[in-house]
Amino acid sequence: MPSFLAIAGNIGAGKSNLAKNLSNHLGWELFEEPFQANPYLELFYEDMKKWAFHTETSFLSHRLMSHIEILNRKTNIIQDRCIYEGAEVFVRNLYETGYLSEIDFNTYKHLYNNLIKTIAPPDIVIYIKSSPERCMRNIQRRGRDLDKNVDPKYIEDLGNIYDEWHQSFQTCPVLIADSDKYDFKHNVDDFHQLIDKIKVKLQK
């Protein structure tokens, strides 16, 4: 059976970089997060309250499509951001901070909860734990136009929910990759230790 790993974490946590490095090292196929496929994202950053429901519903649609495609593949897969965190972290945060109305939140939850009953989960979710300060430095360093107006408070709120989420997530095993303590990008030993942990987790 092919293996399916999903990389989860805050904006700027280093998901894409780790996913690419793991894909290259292990020789696994990479499914990247489809930023350009979401026509609402730039509008969302300009007016979060107006475009929150549209943006997250679009993300849900594309993540579901990717998830189903992954499950139908015969190769080992690494996915950059999973369907679960979009709903259980980002949408929850939008609701709690008042950017998403209760009726939109309940509609989204109803759709999401029914959708995930129809799909098998990844073998492992690798959660990149990263401080809001580190995330913001990474966001500013990469200079992506879509991220240029991100509010540091938004990143902090997401980080708090992520820390709760990874402790209560029961759908599949979670492996924590602490990027505040380890440098998976530049330190070869740290990177290989993470790979060893992944292999052990996959054998269980």
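Colleague: How much space lies in the largest pocket?

Modeller: Heads-up: this is a predicted model, where local features need pLDDT of at least 70, side-chain atom pairs count only at pLDDT 80 or more, and totals for chains, interfaces and linings use all residues. Residues are numbered from 1 along each chain as its sequence is written, and side-chain values use heavy atoms, leaving out hydrogens and water. A pocket is an open set of points on a 1 Å grid over the protein atoms alone, where a 1.4 Å probe fits, with protein on both sides within 12 Å along at least five of seven lines. Filling the largest one with probe spheres set on its points gives about 730 Å³.

Colleague: Which residues are closest to the centre of the largest pocket?

Modeller: Its lining (residues with an atom within 4 Å of a point) has 35 residues. Helices H1 (15–26), H2 (41–46), H3 and H6 (132–142) each give two or more of them. Closest to the centre are Gly12, Ala13, Gly14, Asn138 and Arg142.

Colleague: How many charged residues are in that lining?

Modeller: Ala, Val, Leu, Ile, Met, Phe, Trp, Tyr, Cys and Pro count as nonpolar, Asp, Glu, Lys and Arg as charged, and the others, Gly among them, as polar. The lining of the largest pocket has 13 nonpolar and seven polar residues. The charged ones number 15.

Colleague: What about the second largest pocket: what is its volume?

Modeller: This pocket has 14 lining residues, and Met1, Pro2, Phe4, Leu71 and Asp123 lie nearest its centre. The lining splits into nine nonpolar, two polar and three charged residues. The volume of the second largest pocket is about 210 Å³.

Colleague: What pattern does the protein follow along the sequence?

Modeller: Count the elements, which are DSSP runs numbered from the N terminus (helices are H or I, at least four residues; strands are E, at least two). The protein has eight helices and five strands. Read in order, they go β-α-β-α-α-β-α-α-β-α-α-β-α.

Colleague: How is H4 set against H5, roughly parallel or roughly antiparallel?

Modeller: Helix H4 (83–96) packs on H5 at about 170°, again with axes 11 Å apart. Tyr84, Val91 and Tyr95 are among the H4 residues in contact, and H5 brings Glu102, Phe105, Tyr108 and Tyr112. The contact has eight nonpolar, one polar and three charged residues. With that angle, H4 and H5 are roughly antiparallel.

Colleague: At what angle do H1 and H8 pack?

Modeller: Leu18, Asn21, Leu22, His25 and Leu26 of H1 touch H8 residues including Phe191 and Ile195. The contact has seven nonpolar, three polar and one charged residues. H1 is roughly perpendicular to H8. Helix H8 (188–203) and H1 have axes 12 Å apart, at an angle of about 75°.

How values were computed: Axes are lines fitted to C-alpha atoms, for helices over the stretch in contact, and angles run from 0 to 180 degrees between N-to-C directions. Angles under 35 degrees count as roughly parallel, over 145 as roughly antiparallel, 65 to 115 as roughly perpendicular and the rest as oblique. Contact means heavy atoms within 4.5 Å.
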